[in-house]
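This briefing covers the fold of one chain and the contacts between two chains. The structure under discussion is shown first, and the points that follow are grouped by topic.

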Amino acid sequence: MSYAGVPGLVESREAHGETTLVVDPARLVEAAEHLRDELGFNFLSDVSSVDYLGWSDEPVAGSWGDSSGRDLNSPGSWGLARRPAPKPKRFAVNYHLLRLVSGAREAPRVRMQVWVDDAELVPSVVGVWPTADWHEREVFDMMGIRFSGHPNLVRILMDDDWEGHPLRKDYPIGGEPVRFSGEE
Amino acid sequence: MAIAPERPRIYEGSRIPSPIPSVLLVPDELRKTDDILEVNFGPNHPSTHGVLRLVVELDGERVVGLRAVIGYLHTGFEKSMESKTWWKAIPYAPRMDYLSFQANELAFVMAVEKLLGIEVPPKAVWMRMLLCELNRVHSHLVWLGTSALELGAISPFWYTFRERDRILDLFEMVGGARMHTRYFQVGGLAEDIPSGFFGECRRFCEVMPGAVDQYEQLLDQNEIWLKRTKGVGLLSAEDAIALGQSGPVLRGSGVDWDLRKASPYLAYDQVEFDVPVKRNGDVWDRYKVHMDEMRESTRIVAQALEGMPGGAWIADDRKVVLPPREELHTSMESLIHHFKLVTEGFRVPEGEVYVAVESPRGEFGCYLCSDGGPRPWRVRFRAPSFVALEATATLMRDALIADMIAAVGSLDTVMGECDR
């Protein structure tokens with residue numbers, strides 16, 4: 001399978017038997033239509049996002065620490081063996097595509113990936129795969145990445161008046177206020 | 001015996017609402033008549049399988065507007081797992097779904113194994129397959145019992161829970177817990193298969209096919225069941241694919257697709273089974289797919305019992321897997337490995353993977369991202385229930401309010417998995 005013709009292709013890489021196509025966000029919809037119509041990826045399995053804030057940060061003394069450093073009193077904060085390769089931008093949005101043919105005995109998959117920084121827009125692919133509707137709403141809700149052209153970009157899992165985006169790395173666990181009954 | 005009249009079968013073209021695929025909007029001219037009644041259904045309603053809220057707009061009994069609201073059971077599983085070591089994150093995966101826990105656990109464990117590049121011994125592979133199929137039967141049994149209950153048929157519930165209890169007994173034998181067994185470990189199984197398990201499991205395989213026949217006897221010629229399921233909740237194959245549907249919903253719409261066949265994982269390429277496919281895309285066909293899948297799963301369980309290889313139940317990799325208990329008293333290295341694994345956990349090489357398994361509800365995917373450290377950088381689950389509920393608006397186009405229970409029930413959703 002050749003992905004050379006995918007519009008806006010920045011990079012194509014293979015790892016663990018999976019293909020990742022990094023695509024220019026400006027030409028995302030074009031690339032999505034090409035993958036669907038020309039290469040037959042008619043099924044959008046999933047849209048996932050990753051926040052790389054603090055990824056590959058400067059090490060703390062003695063070992064490559066993770067972003068929170070190495071805490072000897074906290075098991076599991078073991079430093080990294082080596083520093084991971086830096087990422088081009090803060091957020092990655094992954095589109096897991098599948099070619100679904102009834103009765104086929106193969107399941108070719110490809111991962112389309114775009115990179116954005118905070119407050120940058122990603123074009124919506126709801127017009128290409130309708131199932132992206134809720135997936136993109138979840139990415140917006142959890143990561144705060146906005147999709148331009150989405151018909152109904154509102155929160156989906158959190159309350160409508162929730163502040164912050166919980167899956168961001170700078171959103172602390174236990175950071176939400178606890179409300180008690182009888183409280184003003 | 002009277003059989004329900006034939007209703008219009010699968011439709012031409014697309015019924016996915018536009019511009020928002022998951023929301024059915026009331027047409028303006030209908031809105032002007034001032035005859036539209038807005039009804040809030042849920043989030044706490046006995047027939048929504050959890051906390052699903054449906055905002056329905058009615059013109060008489062006809063559904064003209066519909067919006068599904070989810071998130072009432074959002075628990076932040078994905079966020080919590082980021083702060084746990086790989087090992088301690090395993091119990092989170094099954095706890096999202098109280099019915100298909102083992103399939104969910106499998107997806108997470110397989111994704112970690114894919115990043116680690118660790119090989120799982122055959123005995124563990126076959127046992128995983130056996131348990132996942134038992135889990136599928138278990139999930140379908142609860143689905144059948146509750147769905148029939150919602151449509152007024154109380155008896156099937158008692159029958160299905162009879163067999164479900166036998167399956168839970170089997171789970172209790174292997175893991176000590178009746179649900180959320182956490183029996184799959186990175187590298188294999190947490191413990192060896194207990195003695196007595198095979199005998200009990202064989203007896204279950206003898207009973208189960210007859211039990212499925214019994215459920216069908218209760219429902220197949222029940223006129224109320226026929227009238228409430230045939231021709232209701234239509235979904236065409238094209239719409240199902242566009243909406244990302246998977247599992248029994250997709251197969252009920254005539255798409256021959258099963259990840260166990262299309263991209264065999266575990267030992268599914270070494271056992272014989274058929275993929276049930278139905279053509280009409282209604283609630284009845286989804287029911288039939290579930291019934292046939294229970295038979296096929298029982299077939300796989302029986303074959304797994306026969307073909308179960310011997311040998312180790314977990315990989316021999318001291319950097320990832322706990323050393324055997326008896327070695328701790330004699331070997332210093334084993335003690336160190338044990339200590340390091342329990343306190344700090346193991347490291348997983350940098351990278352990202354997506355692993356999908358055919359859970360009872362469809363494609364359950366796990367996307368993992370690791371920075372090379374002892375904790376996941378990002379865990380993401382592709383929950384089939386979440387995707388299935390997107391189709392509610394399409395299913396309910398021009399349907400009656402009473403059909404909603406049947407249609408939503410047939411999607412076989414678990415809200416814990418949907419909201420994660």
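Chain B contains 18 helices and nine strands. The model is predicted.

**Overall form of chain B**
- Along its principal axes, the C-alpha trace of chain B extends over about 80 × 45 × 35 Å.
- Of the 420 residues in chain B, 53% are buried.
- Considering contacts in chain B between residues at least 6 apart in sequence, 71% link residues at least 24 apart.

**An open sheet in chain B**
- Four strands of chain B make up an open sheet with antiparallel pairing, in the order β1-β4-β3-β2.
- At the edges of this sheet lie β1 (23–24) and β2 (37–41) of chain B, each of which pairs on one side only.
- Seven bridges join strand β3 (residues 53–59) and strand β4 (residues 62–69) of chain B in the antiparallel sense.
- Within β4(B), B:V69 is the residue opposite B:R53.

**Contacts between chains A and B**
- In chain A, 43 residues are in contact with 52 residues of chain B.
- On the side of chain A that touches chain B, two or more residues each come from β3 (43–51), β4 (91–98) and α2 (132–143) of chain A.
- The largest share of that side, six residues, is supplied by β3(A).
- By class, the side of chain A that touches chain B comprises 24 nonpolar, 11 polar and eight charged residues.

Notes. Residues numbered from 1 in each chain as written. Chains lettered and ligands numbered in written order. Predicted model: local features only at pLDDT ≥ 70, side-chain atom pairs only at ≥ 80, totals over all residues. Contact = placed C-beta atoms within 7 Å. Nonpolar A, V, L, I, M, F, W, Y, C, P; charged D, E, K, R; others polar. Pairing = 2+ DSSP bridges. Buried ≥ 20, exposed ≤ 12 C-beta atoms within 10 Å, placed from the backbone.
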